[in-house]
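Subject: Structure handover

Hello,

Please find the structure below, with notes on what turned up in it.

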Amino acid sequence: MEQPTHVPPPTELPETGRRKFLRWAVHGLSAVLAAVVGVPAVVYLIDPRNRPSPQRGFKPAGHVHELTVNIPKEVVIRETSRDAWTLYPDNVVGRIWLVRRPGPGNQVDAFTTTCPHLGCSINYSGTRFLCPCHGGQFQLNGTRINPHDNPASRDMDSLTVRLVPIPGNTDAEIWIQFEKFKTNQSAKEVLT
């Protein structure tokens, strides 16, 4: 029978200057590569969280001189919007009806074109506003015609109007605080 021979453990070779340099160079280049790839990736993922949320504000809707008294004008509201990474310039966010009231001065009412009943688009029929879906009718001031038979549970949704005078001119710019409202409710409630 053969006797097991004792094998001594391997001895580590002492690190030489060249070997030390190569080990540090490999680790250093790995750290630089991780930083070059990793930092932009982290910034890309975190950036949308740091962007401010869109602010509700006034949007331009035209000039008073463009309106005829008691003749509604439909206006498209546009804004620049963005999601996490994409910018959408001149995006349509809604439509409104502008009505210039008779009398002295510039008095303008603004209403959304969305019917408060179920959200159909309200049209102007020559003497009144009319919802083509369920027959809801509204006067030029936005109030319901025949409220007991009107499917809409409230008047047309009015919007806040700000008239900004143009210096040296009798005209004024129309600015609207555009908001969307919940439908099929008796009280006007802003969608958030």
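Trp97, Phe111, Tyr124 and Phe129 are linked into a cluster by ring pairs; rings of Phe, Tyr and Trp (its six-membered ring) pair if their centres lie within 6.5 Å, and planes under 30 degrees apart count as stacked, over 60 as edge-to-face and the rest as tilted. This is a predicted model: local features need pLDDT of at least 70 and side-chain atom pairs count only at pLDDT 80 or more, while totals for chains, interfaces and linings use all residues. Residues are numbered from 1 along each chain as its sequence is written, and side-chain values use heavy atoms, with hydrogens and water left out.

A search of the whole structure finds four aromatic pairs. One of them, Trp97 with Phe129, is tilted, at 5.5 Å centre to centre and 50° between the planes. Trp97 lies in strand S3 and Phe129 in strand S6, so this pair ties together parts that are 32 residues apart in sequence. Strands (E, at least two residues) are DSSP runs, numbered from the N terminus. Both Trp97 and Phe129 are buried, that is, under 20% relative accessible area, where exposed is over 50% and partly exposed lies in between (1.4 Å probe, protein chains only).

The rings of Phe111 and Phe129 have centres 6.4 Å apart and planes at 65°, so that pair is edge-to-face. It links distant parts of the chain, with Phe111 in strand S4 (residues 108-112) and Phe129 in strand S6, 18 residues apart. The relative accessibility is 3% for Phe111 and 0% for Phe129.

Phe129 also stands opposite Phe138 in S7. Two bridges join strand S6 (residues 129-130) to S7, and the two run antiparallel; strands pair if DSSP finds at least two bridges between them. The open sheet here has three strands in the order S5-S6-S7, with antiparallel pairing. Its edge strands are S5 (123-124) and S7 (137-138), each pairing on one side only.

Strand S3 (residues 87-100) is joined to strand S2 (residues 73-82) by nine bridges, again antiparallel. S2 and S3 form a hairpin with four residues between them, and Lys73 stands opposite Leu98 in S3. Val76, in strand S2, is partly exposed at 29% relative accessible area. Leaving aside residues up to four places away in sequence, Val76 touches Val92, Gly94 and Arg95 (contact means heavy atoms within 4.5 Å).

Regards
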